[in-house]
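This report concerns the aromatic rings of one protein and the way in which they pair. Please examine the sequence and the structure shown here before reading on.

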Amino acid sequence: MEQNGSQAKKVNTKGIAGFTGKKKSLCIGAGAVLLAVILLLVIVNPANSPSSVFNRYLNCLCSENADAFCAISYEANFSNTLTAENVAESYKGRFSSADPSYSVGGKVNLLKDTGVKVTKTVTPTQTEIASRRANLAANYRNTGSITDIRNLTFTIKRGDLTSTGTAELICVTGKWYIADVTGI
């Protein structure tokens with residue numbers, strides 16, 4: 001480009017933000033590290049792990065808190081036919097129909113005098129996850145957003161009796177939900 005006839009205009013070689021190559025690389029590197037830390041905190045968040053969600057499920061059973069259970073329930077959040085209120089009512093019915101010997105302080109504790117221990121965690125293959133997604137698609141929305149599934153095996157010890165149960169947890173865009181629990 002020309003200015004005043006034959007004089008060339010000086011071109012800004014520092015870039016748009018005014019950073020030189022070294023400073024620009026340093027800023028990009030720092031941004032990448034910050035992004036990696038944020039992703040790590042979101043993905044590896046211990047409060048959002050399959051085992052912590054399963055423990056919250058157990059706490060909901062012990063405290064008879066059907067509404068808190070709905071917050072971590074896959075069914076309550078993604079069912080095509082049931083609302084969170086329907087699921088909460090179902091659990092309230094389960095609590096009220098429990099054996100009175102499980103009552104502790106006016107609340108039904110389905111895990112009274114028990115010890116629950118997760119003994120095995122299995123991650124299905126991508127093929128198995130895709131198959132499970134397809135099976136869920138008829139009754140649930142957002143199945144395309146399922147990113148992971150975990151199957152937990154646990155033991156419940158009541159006095160001298162030990163039984164085994166299973167729990168399926170489903171991760172939808174980074175958040176874990178209880179999908180199915182048997183054995184409690």
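Rings of Phe, Tyr and Trp (its six-membered ring) form a pair if their centres lie within 6.5 Å. In this predicted model, the rule gives a count of 7 aromatic pairs. The rings of Phe54 and Tyr57 provide one example: their centres are 6.2 Å apart and their planes stand at 20°, so this pair is stacked. Ring pairs also join Phe54 and Tyr57 with Phe69, Tyr91 and Phe154 in a cluster.

How many residues apart are Phe54 and Tyr57 in helix α2? Helix α2 covers residues 50-63, and because the two residues are 3 residues apart in this helix, about one helical turn separates them. Phe54 is counted as buried, with a relative accessibility of 1%. Tyr57 is likewise buried, its relative accessible area being 1%.

Another pair consists of Tyr74 and Phe78, whose ring centres are 5.1 Å apart with planes at 40°, so the pair is tilted. Planes under 30 degrees apart would count as stacked and planes over 60 as edge-to-face. Tyr74 and Phe78 both belong to helix α4 (residues 74-78); they are 4 residues apart, and therefore about one helical turn separates them.

Are Tyr74 and Phe78 buried or exposed? Tyr74 is buried, at 2% relative accessible area, and Phe78 is buried as well, at 8%.

The two pairs are set out below.

| Ring pair | Distance between centres | Angle between planes | Arrangement |
|---|---|---|---|
| Phe54 and Tyr57 | 6.2 Å | 20° | stacked |
| Tyr74 and Phe78 | 5.1 Å | 40° | tilted |

Terms used:
Residues numbered from 1 in each chain as written. Predicted model: local features only at pLDDT ≥ 70, side-chain atom pairs only at ≥ 80, totals over all residues. Heavy atoms only, no water. Buried < 20%, exposed > 50% of the residue type's maximum accessible area, 1.4 Å probe, protein only.
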